[in-house]
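I am opening a new page for this structure. My plan is to look things up one at a time and write down what I find.

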Amino acid sequence: MLHLLYILAFTILACIAVANLIRNLVMFSFDRERNYPVRSSAMGNQGYLSAKKSVPHPELLDSAGNIIKEPLLVMRSINVEDARQQLDAIYEASPGHKSENHEK
């Protein structure tokens, strides 16, 4: 009988959790579509700006401040041996690497 009580309590808690998850997702989607007025730092609590200015992230700007319109990540494929040689060269150039030969 106690097992049935645990199963019933767990089922009720699981239903409440799923209902809260769905409600939060719906509210988040509605909240995302809403436009909030931008608060002016110069005006303080006196008013809001009517126009919202979009400021791009600094990583999307080049050194002159213009928006980059090219891909940010370009990958080229290399074979395993080239990658191994590059990693070995980096390892051997590191300050903690000791170039000792373990040949006897």
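The entries below go from the whole chain to single residues.

**Entry 1, the model.** I noted before anything else that this is a predicted model. I looked up the confidence: the mean pLDDT of the chain is 80, and 77% of its residues reach 70 or more. I then checked residues 45-50, where the pLDDT is below 50. Beyond near neighbours in sequence, that stretch has 8 contacts in the model. Where pLDDT is low, predicted coordinates should not be read in detail. I therefore leave the details of such places alone.

**Entry 2, the fold.** I counted 2 helices and 2 strands in the chain. Read from the N terminus, the order of elements is α-β-β-α. Helix H1 covers residues 2-33, and helix H2 covers residues 80-93.

How much of the chain is buried? I find that buried residues make up 2% of the 104 residues.

I looked for a nonpolar surface patch and found one of about 730 Å². Leu2, Leu5, Tyr6, Leu8, Ile12, Leu13 and Ile16 make it. Of these, I placed Leu2 in helix H1. I also consulted the UniProt record, an unreviewed entry, which lists residues 6-26 as "transmembrane region". In the model I see that residues 6-26 are 100% helix and 0% strand.

How many salt bridges does a search of the whole structure find? The search gives 1. Side chains of opposite charge can pair when their charged atoms come close. Here I found the side chains of Glu81 and Arg84 paired, at 3.6 Å from N to O. Both residues lie in helix H2, 3 residues apart, about one turn of the helix. Glu81 is partly exposed, with a relative accessible area of 46%. Arg84 is also partly exposed, and its relative accessible area is 46%.

Notes
Residues numbered from 1 in each chain as written. Heavy atoms only, no water. Helix = DSSP H or I, 4+ residues; strand = E, 2+ residues; numbered from the N terminus. Buried < 20%, exposed > 50% of the residue type's maximum accessible area, 1.4 Å probe, protein only. pLDDT = per-residue confidence, 0-100. Contact = heavy atoms within 4.5 Å. Patch = residues over 30% accessible without salt bridge, like charges linked within 9 Å, V, L, I, M, F, W, Y side chains within 5 Å. Areas by Shrake-Rupley, 256 points an atom, 1.4 Å probe, with all protein chains shown as cover. Salt bridge = Lys/Arg side-chain N within 4 Å of Asp/Glu carboxyl O. UniProt positions renumbered as here; feature names shortened; annotations may be inferred.
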